[in-house]
Each structure stands twice: as structure tokens, then as C-alpha cells.
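Here is a walk through the pockets of a predicted model. Keep the structure open and follow along.

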Amino acid sequence: MSIPYGQTRTHIGQRHALIAPDGHVKSEVPGIAGAATVILINPALGARFAQLLVTFEAGGSAVMPSSDIETVAYFESGGGIVKVAGSKERVAAGAYFFCPAGQPWEISTPKRGTRVTLFQKKYVFLEGYATPRALIGDAAAIKGEPFLGDPDARLQVLLPTQLGFDLAVNIFTYQPGATLPFVETHVMEHGLLMLTGQGVYRLEDAWYPVAAGDVIWMAPFCPQWFVAMGKTPASYLYYKDVNRAAL
Ligand code: UGY
Ligand code: MN
């Protein structure tokens, strides 16, 4: 969606942001080569995590050493070879991986145009629970469960629901007209990528038209609501921090 006369749908606020694709500017990120990398969300915005979009050229690669940062990667399109904590797999669109803090990861031989979203966070250890293990998965293999009983709003939970994890990444798919059942206000922070379709997102006291390719940041306690519009289902991939004490 390109709008002339110096306008954009992008809005950056104190407690939420909508980032439309027309404003993307690339960054050089150490470890990522042969790719256009856009840092969409990070602490400079007020967030406590990072969300990046990497679009690979043929021959590109991402090679990340182990650190105190954990990473979830989702292949929106294309594919390539993923190496995480010693396991190696060829993956296609819809694949994802989780690499815990303390382990390295790599993406190599990507198909030209492969789009990968990365969520990165400093891991918060929980006394008595092991750091979660690396995993490589396929969203197509995960059943969408009705959200709070609504079969037209389905949630795919990509990571195990274990207390060792301090983050969750899910895919929410809405039939046209379906909504989040109420305006959520919660301590968890979100980073979100619209994958397909369109709709309207309420963030605090503003309503935004959104479509595939848009990114949203919601700070903790940002009131949020969504309605899917148009003739095709709308879906989004999103991150949240979970499973840790209030204080
Ligand atoms: O998991 C969630 O908090 C989710 N229901 N939020 C959202 O879709 N904005
Ligand atoms: Mn939410």
C-alpha cells in the first residue's frame, strides 16, 4: 500500500506502534549477510525484545553465535537449511525454530526472496526449571484451537507451554467478521506481523486499518482488539512474554 504526498499509515506512540511496510529501512546486522534486514521493534522503541524481518537473496546467510539471547524464527515464505544447537534440517514456508540462550543458530542456502521474522529476547532463567531445548517445527502441523470457544478465531501455539519458556509465539487466524472477544489489557507485551488478509486493530484509544505485511508493537497493558474484514481470513504471527513472576 503506497500513499503519496508524504503520508503513511505508520504511527509510533509511547505505548504502541504500527509499522507499515512503505517505511522500511534496512540495517546491517552482524552475522546476517546477503539479505535485507529491517529492525522493526527493539528497546529504542520502548520494547523489551526485538523483532526483525530478514529477506534473503540467493546465497545469503545468518550465522549467530551463542549468547544470552534466545531467538524464535518463522519462515513466512521461501525456505533454506536451518542449524540450531547441532540439529540440521531443510525447511520451507511455515517452518519455525526456537534457539535457546546459550546455543548458536544458522540459516544457509535460502531460496531467493525467503522472508524470515525473528523474535529475540534476553532469557530470564526460572529457578528449578531447565532452560528449554532447541526445536524446529512446522506451523502446518499445529492444530488451530478455537480461541475462548470461537471456532472462527483459531490459535496455533508454536512453542511448548512449559514454565521454562519465558516467551510464546502463536499464529491467530480469523474468519472475516471474527473478532478478539473483548478488549484485552494485559501485562504481556506483543510484537505482531500480519501474515494474511486485513482488518482493523484497536490499540489504546485508536483504531487502525491493517493488512498483510504490517507490524505492531503493543507495550504491556496496551488495550487491544481486532476485527477481521474483507473476504479472506486474516492471520497474524505474534510474540508475548510469559511465565514469570510479577515482581
Ligand atoms: O495471546 C494474546 O494475548 C492474544 N489474544 N492477543 C492478541 O491477539 N492481541
Ligand atoms: Mn494480547
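Fifteen residues is the count to keep in mind: the largest pocket has 15 lining residues, and Arg48, Asp241, Val242, Arg244 and Ala245 lie nearest its centre. Two strands, E10 (115-122) and E20, each give two or more residues to this lining. The space inside is about 380 Å³. By class, the lining holds seven nonpolar, one polar and seven charged residues.

Now turn to the second largest pocket. Its volume is about 310 Å³. The lining has 26 residues; Ala168, Asn170, Tyr238, Lys240 and Val242 lie nearest the centre. At least two lining residues come from each of E13 (150-157), E14 (167-174), E15 (190-196) and E20. E14 gives the most, with five. The class count here is 17 nonpolar, seven polar and two charged.

Which pocket holds ligand 1? Ligand 1 sits in the second largest pocket. The residues around ligand 1 include Phe147, Phe172, Leu180, Gln224 and Tyr236. Strand E20 (residues 234-241) supplies the largest share of this shell, three residues. The shell divides into six nonpolar, three polar and two charged residues.

A nitrogen of ligand 1 is 2.6 Å from a side-chain N or O atom of Glu184. An oxygen of ligand 1 lies 2.7 Å from a side-chain N or O atom of Lys240. For the side chain of His186, the distance from an N or O atom to a ligand 1 oxygen is 3.1 Å. Taken alone, ligand 1 exposes 270 Å², and the protein buries 96% of that.

Notes
Residues numbered from 1 in each chain as written. Chains lettered and ligands numbered in written order. Predicted model: local features only at pLDDT ≥ 70, side-chain atom pairs only at ≥ 80, totals over all residues. Heavy atoms only, no water. Near = heavy atom within 4 Å. Polar contact = N/O pair within 3.5 Å; in protein donor to acceptor, adjacent residues only side chain to side chain. Areas by Shrake-Rupley, 256 points an atom, 1.4 Å probe, with all protein chains shown as cover. 1 Å grid on protein atoms, 1.4 Å probe; cavity = no way out; pocket = protein on both sides within 12 Å on 5 of 7 lines; lining within 4 Å. Sits in = over half its atoms within 2 Å of the grid points. Helix = DSSP H or I, 4+ residues; strand = E, 2+ residues; numbered from the N terminus. Nonpolar A, V, L, I, M, F, W, Y, C, P; charged D, E, K, R; others polar. Points joined across faces, edges and corners; volume = space filled by probe spheres on them.
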